Amino acid sequence: MASTVTATEPLLLRQQQCHRPTANRASRLTVMAATVLALLLLLTPASGHLHLGLFSRAAAEPPVNLTIVAGAAEKGAVCLDGTPPGYHLQRGSGDGSNSWIIHLQGGAWCGTLKDCYDRSMTDLGSSSFMKPVMFAGAGIFDGDQLQNPNFYNWNKVYARYCDGASFSGDGEGQSENGATLHFRGLRIYEAIIDELMDKGLNNATQAILTGCSAGGLSTLLHCDDFSARFSQEVSVKCLADAGFFLDVKDISGKRSFWAVYDEVVSLQNVREVLPKDCLAYNEPTQCFFPAELIKSIHTPTFILNSGYDSWQIQNVLVPDSSAPDESWSSCKDNIQNCNSTQIDILDGFKNTMVDALKVTGDKEDWGLFIDSCFTHCQTLSDVSWNSAVSPRLGNKTISEAVGDWHHGRRVKEIDCDYPCNPTCNIASMIHCY
């Protein structure tokens, strides 16, 4: 999924690819929806990446530069290639001066020496390739009060992901060409949080740890540790976006995604961050899955996910190896192309997710927003976060639901089965993975 690195990057993950809709689908939209979609497509460069920072109001807002963690090498807190890790910090203002959002970047994993070496030659494995980013237009990071009323003026941190194990590994390896690979995700996480504490995070009155995709998993792995760094007077919560990866068999009956996680857990030695109560009864790989992690988390947490998560359908439920005849290709690309048999299988996937989340039922300070949109990661895009075409549950956008949860109101919304939710129409057409 390579792409050209520009002088600045949008906050949408570089490895994500945003799919343009087919003409026959667009023809079924209303005039208003088609107009909005046309505007979005005009903002999409030829590479296919949706640059959210190109809205007119964003033009005057400067990019947020990369800050390299001081003394990282001495702590062994380094990226795969040995370069020091980094983050992007935008200071809060007004009544948000002592409020913080820490976002852990996602971008899949590497569980073999070859894959990790290849990754070390990109911005997901080396700070040498990291560029400034634009926060404008990036959903929960947006500085527009109308677009992001709950968090617009908070201190915002985008922690770059360069270890390949959800900020969790602690080991070392050597590639075939003799290059040393550093699996130091846990040390990177700790070094970034420690440095931010010195920069004002220790004075926070409220803080949210968040992340999407592999960063959503990171959020669940580190949630209680993050909370434990503050006094009980500080409001600390966690928000995991598209990080609820399921341990399910693929359509060929194999546990192919279990094998992916097992490689990561073994190669990068992630045992240290896994819940001790889970490890007492399960293999470490099982404890890397969110369905087990959430049983051990005590910090108030919001789970945002699609029950028809496009990345998981394409890589967990129907990886290429499970359907070599390409009978699923069209369905994987666009859920509207799925036949009734395929939809039944996708419904089963959603039901598995909902069942796994039942353990949160008696956790009054937890929140859920499980929609039926064919999408992946919804907090870092204004389109899905809070716009006229955002997905809605209980007549609320994701921004409104997260805001209600943050302010102590009960939010546990689980959508009906696809294709019941008409507000998914445009969001699903711009799905990213």
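These are my notebook entries on a predicted model.

**Disulfides**

I began with the cysteines. The count comes to 7 disulfides. I looked up three of them.

C79 is joined to C162, S to S 2.1 Å. The torsion about their S-S bond is about -75°, so I noted this disulfide as left-handed. The pair links distant parts of the chain, 83 residues apart. C79 sits in the loop between α3 (72-75) and β3 (86-90). C162 sits in the loop between β6 (155-159) and β7 (171-174). Both C79 and C162 are buried.

Next came C223 and C238, also a disulfide, with S to S at 2.1 Å. Here the torsion is about 100°, so the disulfide is right-handed. C223 is in helix α6 (residues 214-228) and C238 is in strand β10 (residues 235-241). They are 15 residues apart. C223 is buried at a relative accessible area of 0%. C238 counts as buried too, at 0%.

For C373 and C424 I found the sulfur atoms 2.0 Å apart. The torsion is about -75°, so this disulfide is left-handed. C373 lies in the loop between β12 (367-371) and α13 (382-385), while C424 is in helix α15, so the pair ties together parts 51 residues apart in sequence. C373 is buried at 0% relative accessibility. C424 is buried at 5%.

I checked two further cysteines for burial. C212 has a relative accessible area of 1% and is buried. C377 is buried at 10%.

**T301**

What does T301 touch beyond four places away in sequence? I listed L220, C223, C238, D365, W366, G367 and W405. Two of these, C223 and C238, are the partners of a disulfide noted above. T301 itself is in strand β11 (residues 301-306). It counts as buried because its relative accessibility is 0%, and the cut-off is under 20%. Its side chain reaches the backbone oxygen of T299 at 2.8 Å.

**Helix α5 and the cores**

Is α5 enclosed or open? It is largely enclosed by the rest of the structure, because 10 of its 14 residues are buried. Among them are L186, I188, Y189, I192, I193 and M197. E195 is also on the buried list. After α5 comes G200, with a positive phi near 125°.

The largest nonpolar core has 84 residues. W109, L201, F226 and L346 have the most contacts inside it. α5 gives the most to this core, with 8 residues. A second, separate core has 23 residues, including V64, F135, L239 and I398.

I followed up L346. Beyond its neighbours within four places in sequence, L346 is in contact with Y308, I313, L317, W328, C331, I335 and C338.

Most residues other than glycine have a negative phi, and most peptide bonds are trans. I looked for exceptions.

A108 has a positive phi near 65°. It is in the loop between β4 (99-104) and α4 (113-119). At 25% relative accessibility, A108 is partly exposed.

N269 has a positive phi of about 55°. It lies in the loop between α7 (256-268) and α8 (276-279). N269 is partly exposed at 39%.

The peptide bond from Y418 to P419 is cis, with omega near 10°. P419 is in the loop between β13 (412-414) and α15 (424-429).

Terms used
Residues numbered from 1 in each chain as written. Predicted model: local features only at pLDDT ≥ 70, side-chain atom pairs only at ≥ 80, totals over all residues. Heavy atoms only, no water. Helix = DSSP H or I, 4+ residues; strand = E, 2+ residues; numbered from the N terminus. Buried < 20%, exposed > 50% of the residue type's maximum accessible area, 1.4 Å probe, protein only. Polar contact = N/O pair within 3.5 Å; in protein donor to acceptor, adjacent residues only side chain to side chain. Contact = heavy atoms within 4.5 Å. Core = buried A, V, L, I, M, F, W, Y, C linked by side-chain atoms within 4.5 Å. Disulfide = S-S within 2.5 Å.
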